[in-house]
Amino acid sequence: MLTNDRRLKIFEYIKRNTSATTNELSEKFGASGSTIRRDLEYLAKKNLIIRTHNGAMVNSPHAESGFLFNYYRMQEEKKIIAEKAVKFIEDYDFIALSGGTTSYMLATEILNSSLQGLTILTNSINITSLILESVKDFQVIVTGGVPRKGTYECVGEITLRTIRKFNIDKFFVGVNGISLKGGISFSNLQESEVAKEIHDHSRETYVIADHTKFGLTKPARLIDLSEINTIITDSIPQNFIRELSKYKDLRNLKVI
């Protein structure tokens, strides 16, 4: 198992079980005690876990892994999503991209496409840099604001005021949770507020999320499922489709 993959799985294991010992993790992931201890030190420096005498415990039930860490997670699935999503974009569209690694993958797909004349608004420093360093002559609008450590997303009143100045064609938003009762949700309230502002100023909103986000409800509710046009994913959970069919106001929601 590659180092980044193992560390991600260790983090998820600790988050799911709230704590774990070094010996437990060593047996679970087939790695030596010294390797596991190095992995735990790495995760602790990222403020994802708290080291204990003989292992580690979760830092918070809603602990967020950083951008670089998340980038290695579900890469193939994110690429599938990006390839689907780019087909909804037309030349000279004014689009908005949320922060996050799925949106970053979509931005990469856009830059590798034949699309022309796009205007792209984003609150993501990473996506902004990606576009500016490409050969594409797209106009990029940075929302400004206060960037968050780890996710590199700008948040706050400055960000919101910038967004209010525009009328956007299509918004592509990566999210942390999708459920019938919880709607579309985020782990972080400030990022959710930014996404809500962009949604309110967009003609169409497309949720881009891998299959693991279905059935999850995070603390910050963004919008109801009835308020979006399409969910673009790598694989559609069948239980979600069955539940979706029971709600008349959601029958026009596309999940692809």
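## A pair of helices

In this predicted model, helix α6, which covers residues 101-111, and helix α7, which covers residues 125-132, have axes that come within 10 Å and cross at roughly 10°. Because angles under 35 degrees count as roughly parallel, α6 is described as roughly parallel to α7. The crossing in which α6 passes α7 is right-handed.

On the side of α6, the contact is made by S103, Y104, A107, T108 and L111, while α7 contributes N126, I127, L130 and I131.

## One face of a helix

Helix α5, formed by residues 75-85, has K78, I81, A82 and A85 as its buried residues. If one looks down the axis of α5, these buried residues fall within an arc of 100°, and they therefore line one face of the helix.

## A buried threonine

T22 belongs to helix α2, which runs over residues 22-29. Its relative accessibility is 8%, and T22 counts as buried because the cut-off for that word is under 20%.

Which residues is T22 in contact with, leaving aside its neighbours within four places in sequence? With those neighbours left aside, T22 is in contact with G33, I36, R37 and L40, and also with N54 and G55.

Key
Residues are numbered from 1 along each chain as its sequence is written. This is a predicted model: local features need pLDDT of at least 70, side-chain atom pairs count only at pLDDT 80 or more; totals for chains, interfaces and linings use all residues. Side-chain values use heavy atoms; hydrogens and water are left out. Axes are lines fitted to C-alpha atoms, for helices over the stretch in contact, and angles run from 0 to 180 degrees between N-to-C directions. Helices (H or I, at least four residues) and strands (E, at least two) are DSSP runs, numbered from the N terminus. Angles under 35 degrees count as roughly parallel, over 145 as roughly antiparallel, 65 to 115 as roughly perpendicular and the rest as oblique. A crossing is left-handed if the near helix is turned anticlockwise from the far one by less than a right angle, and right-handed if clockwise. Contact means heavy atoms within 4.5 Å. Buried means under 20% relative accessible area, exposed over 50%, partly exposed in between (1.4 Å probe, protein chains only). The arc is that of the directions from the helix axis to the C-beta atoms.
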